[in-house]
Amino acid sequence: MTTTQSRLEAIYDLVLHRNAGETEFHQAVREVLDSLGPVIARHPEYADARVIERICEPERQIIFRVPWVDDNGRIEIHRGFRVEFNSALGPYKGGLRFHPSVYLGIVKFLGFEQIFKNALTGLPIGGGKGGSDFDPKGRSDGEVMRFCQSYMTELYRHIGEYTDVPAGDIGVGGREIGYLFGQYKRITNRYESGVLTGKGIGWGGSVVRKEATGYGTVFFVDEMLRQRGEGLDGKRLVVSGSGNVAIYAIEKVEQLGGVVVACSDSSGYVVDEAGIDLELLKQVKEVERGRMSDYVARRPGARLVTDGSIWDVPCEVALPCATQNELSASDALALVKNGCTVVAEGANMPCTPDATNVFSDAGVLFAPGKAANAGGVATSALEMQQNASRDSWTHDHTEARLDEIMRGIHDRCASAAEEYDQPGNYVLGANISGFKLVADAMLAHGVI
Ligand code: NAP
């Protein structure tokens, strides 16, 4: 083992020791450390200043009680989190996730990824993430409102447009952001639009924010394909999930001439050979908050599969857009066997490390989430710009900025991969270029 490798192993051992049981966080750190050997070898100043050790330790972690009263008058108690990971490039920025699986290890994995993702956008935003083990599914609007108000009653003291700017993630969409913003405004007596992003268009939100993560993922894929002299027109795709990211990824694929033949939720997946009917999907998921079975019931020719994997459906391009570790090595092997040549992570860390290795061995073009799904946070930063200048941009202008940012991220990853002699390795390129941007700022700021 070289000196550099043993240094990185020692850092990883320390992360395991200090963050026991936080397996998703360990996985996210491992993936980044695996890319950093060549950078440390060329730039010993990063190791001398212990930049990696500092990046792996959040600047601040907040855990709090969230008590509220449900529709039956019962007192419920949840746990709230906000991890302010790194502010070298700007205020902490990253979403809130409301899902029963949320615990510190999930919030830290997401916050850690967010540091590098935000750096890759080229915009002045640091990394953070938060959430709660509350499940909005099946709750009335009144219950969701009371939960959000209680959550913000503690969170408000830690956030602000120059400090920390949360947004949505799984289980947190426009409705939840509205309740959170209302409570922040009420407590602080300030109309501080820039404190949250993903707001409604009529009260400080940005056009294209809702669509941005899904659209951005597809812009990234389009750019990868362009390098091979191809496009999405006529391609067959599978997209997992049917939430915010999945729906708008499907929309952009359809606009660019591709056909999405399958999507999913946690109850199963739908195969619709004629192409997913987007208007019906939006009606079922965004308006009615229904299940995939509701889609199939109204769509002749579509079928629901409740046992098995969506990745068994043959496709040329796969976009995992649901949740972490949803695509295993055996799923990856099935995709490769069926002719898939491009995979882009719309979700955060949806592919297991073994799955990523399968793609790499098979020469599949693979875009990691921190690059491919950065369009959401990038457009959040555009929302902050509009809030700061008390302006609102047109749809065309905002989408053109998003497109430009995603192609910029693609080029940043591609050139770092080339510079470090691994052309086409977007994982390496994303980790190295994101890391260097953050590390250089940290060196400039001294030991803090
Ligand atoms: P969302 O609107 O809550 O949708 C999540 C979707 O994934 C739902 O359809 C959900 O189904 C499905 N899902 C969850 N677990 C699943 C499983 N095990 N198998 C199949 N489907 C499953 O959340 P989202 O905002 O789209 O976020 C999706 C992913 O993208 C997350 O990893 C998130 O961190 C990442 N991301 C989001 C943004 C953003 O701007 N929203 C930005 C960057 C990255 P159920 O309804 O049945 O649970």
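Let me start at His43, which touches Tyr420 and Lys436, leaving aside residues up to four places away in sequence. Keep in mind that this is a predicted model. His43 sits in the loop between helix 2 and helix 3, the latter being residues 44-48. In sequence, His43 and Lys436 are 393 residues apart, but their C-alpha atoms are 9.9 Å apart in space.

Lys436 takes us to helix 17, and helix 17 to its packing against helix 2. Helix 2 covers residues 23-42 and helix 17 covers residues 426-445; their axes come within 9 Å and cross at roughly 75°. That angle makes helix 2 roughly perpendicular to helix 17. From helix 2, the contact uses Glu31, Val32, Ser35, Leu36 and Val39. From helix 17, the partners are Val427, Leu428, Asn431, Ile432, Phe435 and Lys436. By class, the residues of this contact are seven nonpolar, two polar and two charged.

How many cavities of 30 Å³ or more does a search of the whole structure find? The search finds one. The volume of the largest cavity is about 30 Å³. Its lining consists of Val32, Leu33, Leu36, Ile52, Ile55, Cys56, Phe112, Phe116 and Phe435. Val32, Leu36 and Phe435 are also in the contact of helix 2 with helix 17. Helix 2, helix 4 (51-55) and helix 5 (104-120) each supply at least two residues of this lining. Helix 2 gives the most, with three residues. As for class, the lining of the largest cavity has nine nonpolar residues, no polar and no charged.

Next, the second largest pocket. It holds about 620 Å³ of space. There are 26 lining residues, and those nearest the centre of the pocket are Glu31, Thr356, Asn357, Phe366 and Val427. Glu31 and Val427 are again residues from the contact between helix 2 and helix 17. Elements giving two or more residues to the pocket lining are helix 2, helix 13 (353-362), strand 12 (365-367) and helix 17. Which element gives the most to this lining? That is helix 13, with six residues. The lining of the second largest pocket divides into eleven nonpolar, nine polar and six charged residues.

Now to helix 16, which has two packing partners to show you. Two packed helices are described by the angle between their axes and the distance between the axes.

Helix 8 (residues 209-227) packs with helix 16 (residues 395-419) at an angle of about 50°, and the axes are 9 Å apart. Helix 8 is therefore oblique to helix 16. Their crossing is right-handed. On the helix 8 side, the contact is made by Ala212, Tyr215, Gly216, Phe219, Phe220, Asp222, Glu223, Met224, Arg226 and Gln227. On the helix 16 side, it is made by Glu399, Leu402, Asp403, Met406, Arg407, Ile409, His410 and Asp411. The classes here are eight nonpolar, three polar and seven charged.

The other partner is helix 15, residues 375-388. Helix 15 and helix 16 pack at an angle of about 130°, with 10 Å between their axes. Is helix 15 roughly perpendicular or oblique to helix 16? Oblique, because of that angle. The crossing of helix 15 and helix 16 is right-handed. Gly375, Ala378, Thr379 and Leu382 of helix 15 meet Thr398, Arg401, Leu402, Ile405 and Met406 of helix 16. This contact divides into five nonpolar residues, three polar and one charged.

Conventions
Residues numbered from 1 in each chain as written. Predicted model: local features only at pLDDT ≥ 70, side-chain atom pairs only at ≥ 80, totals over all residues. Heavy atoms only, no water. Axes fitted to C-alpha atoms, helices over the stretch in contact; angles between N-to-C directions. Helix = DSSP H or I, 4+ residues; strand = E, 2+ residues; numbered from the N terminus. Parallel < 35°, antiparallel > 145°, perpendicular 65-115°, else oblique. Left-handed = near helix turned anticlockwise from the far one by under 90°. Contact = heavy atoms within 4.5 Å. Nonpolar A, V, L, I, M, F, W, Y, C, P; charged D, E, K, R; others polar. 1 Å grid on protein atoms, 1.4 Å probe; cavity = no way out; pocket = protein on both sides within 12 Å on 5 of 7 lines; lining within 4 Å. Points joined across faces, edges and corners; volume = space filled by probe spheres on them.
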